[in-house]
Amino acid sequence: MRSHVRVAVIGGGVVGCSVLYHLTKFGWTDVMLIERSDLTSGSTWHAAGGFHTLNADPNIAALQGYTIRLYRELEEITGLSCGLHHVGGLTIAETPDRMDFLKAERARHRHMGLETEIIGPGEIADYTPIINTDGLLGALWDPLDGHLDPSGTTHAYARAARMAGAEISLHNRVLELHQKSDGHWNVVTEKGSVVAEHVVNAAGLWAREVGMMAGVRLPLHPLEHQYLVTGDIAEVYGHAKELPHVMDPAGESYLRQEGRGLVIGIYEQACRHWAVDGTSWDFGHELLADDVDRIAGPLETAYRRYPVLQSAGIKRIINGPFTFAPDGNPLVGRVPGVDGYWACCAVMAGFSQAGGVGLALAEWMIEGEPSRDIFAMDVARFGDWTTPDWTRAKTRENYQRRFAIAYPNEELPAGRPFHTTPAHAVWKERRAVFGSAFGMEHVNYFALPGEPLYETPSFRRSNAFAATARECRGVREGVGINEIHNFSKFRIEGEGAAAWLDSIMAGRVPKEGRLTLSPLLNNRGRLAGDFTIARDGPESFRVQASYVAQDAHMRLFLDLLPEHGVTVTNISRALVGFQIAGPRARDLLQRTTDADVSGNAMPFRAVRHITIGGVEATVQRVSYTGDLGYEIYVPPASQNALFETLDGEGADLGLVPFGMRAMMSLRLEKSFGSWLREYRPDYTAAETGLDRFIAFDKDAFPGREVALREAEEGPGRRLVTFVVDADDADCVADEPVWRDGKVVGFVTSGGYAHHVEKSVALGFVPVDMTETGGEFLIEILGDMRLARIVDAPLFDPSGSRMRM
C-alpha cells in the first residue's frame, strides 16, 4: 500500500470506482481506493441495475446521459462486459396532471437534445404487450433507458482505473481520519496509514460514519427498498425482443425484464429507515428480512396493471438498503470549511449517475470547478444546520415521492417549519402561505378570505393567482412590505478588505455609504455569484446574494481569502428586516424617522444607518421589485418592533404585505434575473447582460481575460425577455424556444406579470435572433405558444420610479 497519494477514495461501490476512474482519466494516477471488504459490497451488489436520463435538473439529466454513453467506452477500454440492455423505457400516465408533467419533461428534453416522445395507449401496448392499458392516457418513451450488470459495471470502472495506474486496497477498513497542519489527511486503515492531499467520501451506506471521522455530519440516511424477481413467464420470454422498462408512478412501481421473467420494484408509502443508529461495519453481502406486507397494496395494483404477474411464481425477494439525501439528488463536492475533504455519496440512482458524478468531482478537484453547474447535487446546498431528525423526515418524504409529480409551485411539508424569523407569527396571523428555502420559512403569498391556506400544486395558474395579483397591485399603486431575510449576507471586514474585494469582484467596490452590484466570475469566465456590495465603513462591507447558495459562496470566499487581515462572517440569520416598495414607500419611511430620506439625502443605492421608531436600522435604497424601495435591516430581536412601526404608520397609505410569488412577478416585468435561473455558472456575464457591471479597466480579477475576450468577440447567445401568448399555463423554466421548426433556445424562468397583465419569460436565443419584436414559439405543456422579444422592461423602462 502506498504511503502518500494525491487522492484517497473511501468506498468500493460503483460511485467510488467511477471517481477513481475519472481521476485517472484527467491525468491523476497517484490515487488510491480503499474498501473495507470487496468491491460492490454495500448497496451496489443488490441494486436492480436500471438506468435512465429523467431528472428534474437539466444538468443532472445531461450527466446521466453521459453516464449511460460511458458504458460502451468502459467495455472497449477494459474488455469487460457491463451487461448492457438498452431496451428503452416508458413512464405511464393515468391523469391529466401526470400527462402535463410528462409533456413538460418532453419539452425540456427537446432543448437538451434528448429524443423522448409522448405516445398514446395503443403505442404503449405495442412496446409492451403484457401491460393492461385501461385508464392510461399516454406515456413518455425514452429510448436510452435500460439496465445492466451492477457487478460487471463496477469492476469495469475499477479495471480501467487500475490500467491507468490507480491502486485499489481491499479488505482494509478506514479507521480514522486526521487532518495535518499542512491540510493533508492522515488516513488510518487496518493495513497502515496513508497521507492523502484529498479524501473522497464515497462510502455509501457508511458515508455517515466516514463523515463523522472528519467532523462532518452529512444529511443522508439509508432506507430499505424491495424488489421481486419472478420465475419464467411465457409472455415475456416468448416476445420477439426484450421488453422495455415501465415506470408506473400511480402504482409506485417499476418493472423490467430479467431473463425469462420480470423484476418489479416498489417505492411504497410505508417506507422504513434502516440503521438509524449507524451502519455496522460488519454489514456487507447480506440482505434484509423480506417484508412483503409493507408493499402489498402497490403489488395488488401491479398485478392489475400487468396481468401476467397473477400466474407468475416469485423466485426471490430482494430487500436491501440504499442511501438517500433529503431531495433525492447526490451529495457531491468539497465540503465547506473542511479543506481537502470531498463528498460523493447518497447517489441513490448509482447506475444512472455514477459516471456523471465521478466526472464532475474529478473536473472540480483537478481543474478547479466542474464544466457545468452542478448545484443541484452540490453538498453545499444543505447547510450545517441539518439534523438527523430533519434528514430522516425529508428522506422519508423523498422516498415516498419517488414517483410523485414534481409541480413547479409545490412546497413540501416534511421537516417544516425549521428556521423562522420573529415575523413568522405575524405573517401567520395574516393568512400567509409559506414556502421554504435552505431551511428558512418565507411567505409565498397571503391567502384571500375564504381561500385555503394552501397553494394547489399545478403546472397551470394556481389558486394563488388572484392573491398574487392583489399584492402586486398594492406595490405598484401604493406601498408594499415584504420580508428580506431570504438573501444571504456576509460581513467582510479587516485591514485590506476593500482591496481584497476589489481583486475578486468583477465590478467596482462602492464608496462608503453606497452600494454596488457586481458579478464574481470563476476562472472559466462564467458566473460564480451575483452580489450586492454595501460599504458601511473604510474596511467594512456587507455582501448579499442568494440565500440558498450561502454555503457555496462561503466556500468560494474562503478559497480566495488572504492569509491575514480580512475576515468573512456569514450573518445571513443574524440580520433580518423588511423591504418597503412602491410609489408611497418614501412617504412611509419618512413618517417613521427623523432622518432625511428625501431623494437628495438618500439617493438610489445609498446606504444609511438611521433610527426607525426607536429601532437602529441599516437602510439601503434599492428594491428587487424595480420600484422606489428600501431594504431595512435590523437584528432579529428588533424585527417585530420595526414591523409594528411600519405597519402602524402605513395603515392609511394602504400598506400591503406581499410574498415571493408577487416578488417574482414584479421582477419579471423589470427583466431582472435571478440566481440559479438567469444567473448560474453555465452562463457568462456578456450572455446575461451582467457585463454592464464589470469594470474591465481593473488590472485583475478572476476570469478577466475570458471576459475581455468575450467582450471583444461578443457572445453567441443572449438573455432576452419574451411576452408570451399563454393560455392558463405560463413558462416556468427549461421550455424550448422554437423558430422555423428548430429548437434555438430555452427559457430560464417565467410567469405572469400581474401589473402589466402579460405572460413573461426570460431565456436565451442566438445573438443574431435578438431583434426587437422577433417572433418565436415556446412549447408549454406540449402547446406551441407565440412569443415576441421586447427590448425594454415592461414596467418603468427608463428606471425613473426606481431612482426617483
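Leaving aside residues up to four places away in sequence, Val9 touches Gly16, Val19, Leu20, Leu23, Met32, Leu33, Ile34, Val200 and Ala202, where contact means heavy atoms within 4.5 Å. The structure is a predicted model, in which local features need pLDDT of at least 70 and side-chain atom pairs count only at pLDDT 80 or more, while totals for chains, interfaces and linings use all residues. Residues are numbered from 1 along each chain as its sequence is written, and side-chain values use heavy atoms, with hydrogens and water left out.

Val9 is also among the residues with the most contacts inside the largest nonpolar core, together with Tyr71, Leu74, Val200, Phe722 and Ile778. This core has 91 residues, a nonpolar core being a set of buried Ala, Val, Leu, Ile, Met, Phe, Trp, Tyr and Cys residues joined through side-chain atoms within 4.5 Å. Here buried means under 20% relative accessible area, exposed means over 50%, and partly exposed lies in between, as found with a 1.4 Å probe on protein chains only.

Helices (H or I, at least four residues) and strands (E, at least two) are DSSP runs numbered from the N terminus, and two strands pair if DSSP finds at least two bridges between them. Strand E37 (residues 783–790) runs antiparallel to strand E32 (residues 717–724), to which 4 bridges join it, and Val724 has Ala787 as its bridge partner in E37. Strand E36 (residues 775–780) is likewise antiparallel to E37, with 6 bridges between them, and Glu779 is partnered in E37 by Met784. E36 and E37 form a hairpin with 2 residues between them, and in its turn Leu781 has a positive phi of about 50 degrees.

Helix H17 (residues 660–668) is largely enclosed by the rest of the structure, because 8 of its 9 residues are buried. The buried residues of H17 are Met660, Ala662, Met663, Met664, Ser665, Leu666, Arg667 and Leu668. Their cover includes helix H12 (465–477) as well as strands E20 (440–446), E21 (480–483), E27 (576–581), E34 (742–753) and E35 (758–766).

The second largest pocket has a volume of about 760 Å³. On a 1 Å grid over the protein atoms alone, a pocket is an open set of points where a 1.4 Å probe fits, with protein on both sides within 12 Å along at least five of seven lines, and lining residues have an atom within 4 Å of a point. Of the 36 residues that line the second largest pocket, Trp364, Gly368, Glu369, Arg555 and Leu556 are the closest to its centre. Helix H14 (550–560), H9, strand E23 (515–521) and strand E24 (527–537) each supply at least two lining residues, and H14 contributes the largest share, 6 residues.

Some backbone features lie in loops. The peptide bond from Arg416 to Pro417 is cis, with omega near -10 degrees, and Pro417 is found in the loop between helix H10 (388–400) and helix H11 (424–429). Arg431, although not a glycine, has a positive phi of about 70 degrees; this residue is found in the loop between H11 and strand E19 (432–437).

Note on methods. Grid points are joined across faces, edges and corners, and a volume is the space filled by probe spheres set on the points.
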